[in-house]
Amino acid sequence: SIAYKTCGNGFSGNMTRQCKSDGTWGQVDSRECKQIICPVDDIWEKTNAGKTAEASCPTGYSGTMTRQCNSDGSWDKINSTACVINKCPTSGEWSQTNAGKTAENTCPPGYSGKITRVCNSDGTWSTVNSSTCLINKCPTDGIWGQTNAGQTSTLSCPTGYSGTMSR
């Protein structure tokens, strides 16, 4: 007679074993046992049931995510607790900033507006963007023309006088 037993966890099918006429058991035949596999799912590789798959954390994060392949061949939920957001370090007047975010600072003296810098996904700083910094100007005032902040405006003295005037 032949005895049947379900294959182990993570396998489908039955194992068989024959009881011989002399009362002893023959070898276990497990050829009908087939490994259950979770299929490829986006970043997750094909994985045997009962095993844990690993994948890199998303862009902007460091670490490794895990996902269990269940005994029925279905994927369990993603465990991303080991993923840590990358950060750009404090650098001069720039505060620590999370990856993917833009930091702002004031423009240098004599300018108005904001300078910006992006914290790249790998935790490194981009170059400073100062394109929105506008030079401050003293407005026109009578005979004095508009002048950039920090600079001196010079005019010739009126008729009848020699030299220059400045302010």
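The structure holds 5 disulfides, where a disulfide is a pair of cysteine sulfur atoms within 2.5 Å. This is a predicted model, in which local features need pLDDT of at least 70, side-chain atom pairs count only at pLDDT 80 or more, and totals for chains, interfaces and linings use all residues. Residues are numbered from 1 along each chain as its sequence is written, and side-chain values use heavy atoms, with hydrogens and water left out.

**Stop 1: the disulfides**

Select Cys57 and Cys83 and show their side chains. A disulfide joins them, with an S to S distance of 1.9 Å. The torsion about this S-S bond is -90°, and the link of Cys57 and Cys83 is left-handed. The pair links distant parts of the chain, 26 residues apart: Cys57 lies in the loop between β8 (52–56) and β9 (61–62), and Cys83 in the loop between β11 (75–79) and β12 (84–85). Strands here, like helices, are DSSP runs numbered from the N terminus (helices: H or I, at least four residues; strands: E, at least two). Cys57 and Cys83 are both buried. Buried means under 20% relative accessible area, exposed means over 50%, and partly exposed lies in between (1.4 Å probe, protein chains only).

Next select Cys88 and Cys119. Their sulfurs are 2.2 Å apart in a disulfide. This disulfide is right-handed because the torsion about the S-S bond of Cys88 and Cys119 is about 100°. It too links distant parts of the chain: Cys88 is in strand β13 (residues 87–88), while Cys119, 31 residues away, is in the loop between β17 (114–118) and β18 (134–135). Cys88 and Cys119 are buried.

Then go to Cys107 and Cys133, joined by a disulfide with S to S 1.9 Å. The torsion about the S-S bond of Cys107 and Cys133 is about -90°, so the disulfide is left-handed. Cys107 sits in the loop between β15 (102–106) and β16 (111–112), and Cys133 in the loop between β17 and β18, 26 residues apart. Cys107 and Cys133 are buried.

**Stop 2**

Cys19 is in no disulfide, and the nearest cysteine sulfur, that of Cys33, is 20 Å away. Cys19 counts as partly exposed because its relative accessibility is 28%.

Move on to Cys138. The closest cysteine sulfur to that of Cys138 is in Cys107, 17 Å away, which is too far for a bond. With a relative accessible area of 44%, Cys138 is partly exposed.

**Stop 3: a sheet of three strands**

Select β8, β10 and β11. They form an open sheet of 3 strands in the order β8-β10-β11, with antiparallel pairing; two strands pair if DSSP finds at least two bridges between them. The edge strands are β8 and β11, each of which pairs on one side only. From one strand to the next the twist averages 20°. For such angles, axes are lines fitted to C-alpha atoms (for helices over the stretch in contact), and angles run from 0 to 180 degrees between N-to-C directions.

Zoom in on β10 (residues 64–69) and β11, which pair in the antiparallel sense over 3 bridges. Cys69 has Trp75 in β11 as its bridge partner. The hairpin of β10 and β11 has 5 residues between the strands, and Gly73 there takes a positive phi near 90°.

**Stop 4: the salt bridges**

The count of salt bridges comes to 2, a salt bridge being a side-chain nitrogen of Lys or Arg within 4 Å of a carboxyl oxygen of Asp or Glu.

Stay on β10 and select Arg67 together with Asp41. They form a salt bridge whose closest N and O atoms are 2.7 Å apart. Asp41 is in the loop between β6 (37–38) and β7 (47–48) and Arg67 in strand β10, so far as placement goes, 26 residues apart in distant parts of the chain. Arg67 is buried, with a relative accessible area of 12%, whereas Asp41, at 32%, is partly exposed.

Now select Asp29 and Arg31, which form a salt bridge with the closest N and O atoms 2.7 Å apart. Asp29 counts as partly exposed at 23% relative accessibility, and Arg31 is exposed at 63%.

**Stop 5: Gly150**

Finish at Gly150, in the loop between β20 (147–148) and β21 (154–156). Gly150 counts as exposed, with 86% relative accessibility. Pick the C-alpha atoms of Gly150 and Lys77: they are separated by 61 Å, and the two residues are 73 apart along the chain.
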